[in-house]
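Look over the sequence and the fold, then read on.

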Amino acid sequence: MSSTRRVYKVYKKKRRRKRLLSFILVPILVLALVGTGYAAFLYNKAENVFSGTFESIGKSSKRVAAVDPSEDNISVLFIGIDDSQKRKLKGNTRSDALMLATFNTKEKTIKLVSIPRDSYVHIPENDTTTKITHAHAIGGTKATVETVEELMQVPVDYYVKMNFNAFMDVVDALNGIKVDVPYEMYEQDSKDRKDAIHLLKGEQNLNGEEALAFVRTRHQDSDIYRGKRQQQVMQAIAAKAASAGAISKYTEVIDAIGDNMTTNLTFSEMKAFLDYVLSSDGLQLESLDLKGEDSRIEGVYYYQLDDASVEEIRNTLKTHLDLTPEETAKFSAAAEEEPTIQE
């Protein structure tokens, strides 16, 4: 790329990069090469790596019966954790990104909604109302899942928790991803060095550090646009991973997962998502946007979600999951008990 397109300050200090796997890569990495001589090796390698990421939090209390992703409509919550030294808290860290995806097995379609980290919501774990990013610091994965279930009024069947910084290694293993940068931006790098990354406006190939800066920045817009950038990068990673030229990089991407992803999906359950990737119509993913506005409560900034927007997306996800009357009733009963949120 021309130097007039992008200026990137390079720091040669060695560092231990943390690792991440974007959710949409899992089925591609596992089975995309079935039928080739390389497939068995990749399959065994992926199985060994992914088996070490399993961590159960129990079945959703909002389900009447257990679900199977190969047969049932299911949901997955993707939790991005930023645990750089500057942000590290005592105990659990806050979540830096939350994305809820629903999968319809008959249509082979995916609905994906990003939940702004500063959204003002009720946290069931300790019965407080605060930013949704605090749910993970309060009670870890389970508290985050229960908060999202209450907010969106759909069961969260599975979760994938990833170090948000760590996807740099995945992007680098794929030799970068193509992204359309909407405006010139200066952003800190993964070591929190101010203005270390400088990107100019336009379509370009971003490496891991640059992709991280792209999804983290929110100086010129808001959390809503930050969520859109996260979705854009995830789709760019998926597109690059599915390309023929990426085949030789699959072992590097699998290695990039390491010990830095946890999920309650078993390896067998992960394989069920292959059908969504290999659908005859291609990957059918629709992004949904939660509307809202900036607000301050007792001097603290929050993102106040628009009730009508929340209700519209709730209904979209319920329809996409085709919830049973019994499951819908569970949320109706919980809503009657839910305390009123005071602004």
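**Loops, strands and charges**

Asp195 sits in the loop that connects β9 (185-187) to β10 (197-199). The model is predicted.

Q: Near what value is phi of Asp195?
A: Most residues other than glycine have a negative phi. Asp195 is not glycine, yet its phi is positive. The value is near 55 degrees.

Q: Is Asp195 buried, partly exposed or exposed?
A: Buried requires under 20% relative accessible area, and exposed requires over 50%. Asp195 has 30% relative accessibility, so it counts as partly exposed.

Q: In which loop is Gln153, a residue other than glycine with positive phi?
A: Phi of Gln153 is near 55 degrees. Gln153 counts as buried, at 13% relative accessibility. Its place is the loop between α3 (134-152) and β7 (158-163).

Q: Which residue of β7 is the bridge partner of Gly80?
A: Strand β2 (residues 74-81) runs parallel to β7, and six bridges join the two. In β7, Gly80 has as its partner Met162.

Q: Which residue of β12 is the bridge partner of Lys161?
A: β7 is also joined to strand β12 (residues 261-263), by three bridges. These two strands run antiparallel. The partner of Lys161 in β12 is Thr262.

Q: How far apart are the closest N and O atoms of Asp96 and Arg117?
A: Side chains of opposite charge can pair when their charged atoms come close. The cut-off for a salt bridge is 4 Å between nitrogen and carboxyl oxygen. Asp96 and Arg117 form such a bridge, with their closest N and O atoms apart by 3.3 Å.

Q: How many residues apart in the chain are Asp96 and Arg117?
A: Their salt bridge links distant parts of the chain. Asp96 is in strand β3 (residues 95-104), while Arg117 is in the loop between β4 (109-114) and β5 (120-123). The separation is 21 residues.

Q: Are Asp96 and Arg117 buried or exposed?
A: Asp96 has 6% relative accessibility. Arg117 has 17%. Buried means under 20%, so both residues count as buried.

Q: Which helix holds both Lys142 and Glu146?
A: Their side chains meet in a salt bridge at 3.7 Å, N to O. Lys142 is partly exposed at 40% relative accessible area, and Glu146 is partly exposed at 28%. The two are four residues apart, about one turn, in helix α3.

Q: What separates Glu311 and Arg314 along helix α10?
A: The side chains of Glu311 and Arg314 meet in a salt bridge at 3.2 Å, N to O. Glu311 is partly exposed, with 34% relative accessible area, whereas Arg314 is buried, with 14%. They are three residues apart in α10, so the separation is about one helical turn.

Q: What is the relative accessible area of Asp307?
A: Asp307 lies in helix α10 (residues 307-321). With Glu293, Asp294 and Asp306, Asp307 gathers in a patch of negative charge on the surface. Exposed means over 50%, and Asp307 is exposed at 66%.

Notes. Residues numbered from 1 in each chain as written. Predicted model: local features only at pLDDT ≥ 70, side-chain atom pairs only at ≥ 80, totals over all residues. Heavy atoms only, no water. Patch = residues over 30% accessible without salt bridge, like charges linked within 9 Å, V, L, I, M, F, W, Y side chains within 5 Å. Areas by Shrake-Rupley, 256 points an atom, 1.4 Å probe, with all protein chains shown as cover. Lys, Arg positive; Asp, Glu negative; His and termini not counted. Charge placed at Lys NZ, Arg CZ, Asp CG, Glu CD. Buried < 20%, exposed > 50% of the residue type's maximum accessible area, 1.4 Å probe, protein only. Pairing = 2+ DSSP bridges.
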